[in-house]
Amino acid sequence: MAGPFLTGDLDVLDVLVRRRDAGSRPGRRTDDLRTALVVEGGGMRGAYTGGMVRGLEELGLRDSFDEIFGTSSGAYVAAAFATGQGIGAATIYADDLSGTRFIDYRRPLAGRGPLMHFDYLIDIVLATSKPLDFAALAVSDVPVRPIATLAATLRPHALDDLVTPDLWRTALRATARIPVLAGPPVRLHDQAWIDGSVTEPVALRRAVDGGATHVLALLSRTRDEHVNPATVTGRMLNALVDRANPGLGSALRRRPSLHAETVAVFEDTTHPLRRRARLLAVRPLVSDRISGLTSDPDRLRRGADTGTAAIHAAFAGR
């Protein structure tokens, strides 16, 4: 089924289904293809992509992928999917992150910490109500590549050598850490890292450069929703983050055009990346008006359901 929520090469879906039906497993393929799943970030918009991986899990498609890339909140969603926790990825936003324990506007004003409390997410939620198997991530047969930005150069990288649960916890902090909003840069492998979505919101080119022949990208915005240029408040925030990490404010200002250029690849059949690999994007079926800081549990729950419905619609009839 094609529609405004589905853009690109539909044969990506056929490859995933064919592998599932043949019982193909990572590392033991009978074809010469390489499939990658790319999960966009977007803060609480991750409710959409969390719902999407729940749909992929329901359809039994986890083993059809050879690697997974995730940026910012997309890295959490990717990690959950790789470890068989797609249901948790869909429900965590409404169940666990909709209260003020995660997003609290009073916290930075009172000097009690950043707006978004990632230690609560990683040390409490991912350890108790939605436990994530960090040990399994370190040895996953479908590798997960979190994208983070090196603070010193403001260049994106795929974090690697994540061979222990503690390194994985640190990496998931790093991929989503924006100064002021989510706390200072995170130290990993003797370097400081910040949010990957600042410089690589959708790791499309990285997947193709890594050898993927087929890429399914889960996007957290409808076709009509864009990364908007900074408002007055946004410009003030850019100034604050620039003070905390010089150059970061400028990088944030470039993000709307960077995001637009990346997602435009799915529409452009003549783009060089489309000549190198089959690329397909799945978007939410409709907008549930979820922003990066939405905390309404009902809206977040609807967003997850919207994401799941998009996946089932995409694979209908296959």
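## Ground rules

Helices here (H or I, at least four residues) and strands (E, at least two) are DSSP runs, numbered from the N terminus. This is a predicted model, with pLDDT of at least 70 needed for local features and 80 or more for side-chain atom pairs, while totals for chains, interfaces and linings use all residues. Residues are numbered from 1 along each chain as its sequence is written, and side-chain values use heavy atoms, leaving out hydrogens and water.

## The whole chain

You're looking at 13 helices and nine strands. The radius of gyration (taken over C-alpha atoms) is 18 Å, close to the 20 Å from the globule rule (2.2 Å times the number of residues to the power 0.38) for 318 residues, so the chain is as compact as a globular protein of that length. Its C-alpha atoms fill a box of roughly 55 × 40 × 40 Å along the principal axes.

Of the 318 residues, 55% are buried, meaning under 20% relative accessible area with a 1.4 Å probe, protein chains only. Take the contacts (heavy atoms within 4.5 Å) with a separation of 6 or more: 76% of them join residues 24 or more positions apart.

## H2 against H3

Helix H2 (residues 46-58) packs on helix H3 (residues 73-82) at about 20°, their axes 9 Å apart. Axes are lines fitted to C-alpha atoms over the stretch in contact, and angles run from 0 to 180 degrees between N-to-C directions. That makes the pair roughly parallel (under 35 degrees).

H2 brings Gly46, Thr49, Gly50, Val53, Leu56 and Glu57 to the contact, and H3 brings Ser73, Val77 and Phe81.

How values were computed
Parallel < 35°, antiparallel > 145°, perpendicular 65-115°, else oblique. Buried < 20%, exposed > 50% of the residue type's maximum accessible area, 1.4 Å probe, protein only.
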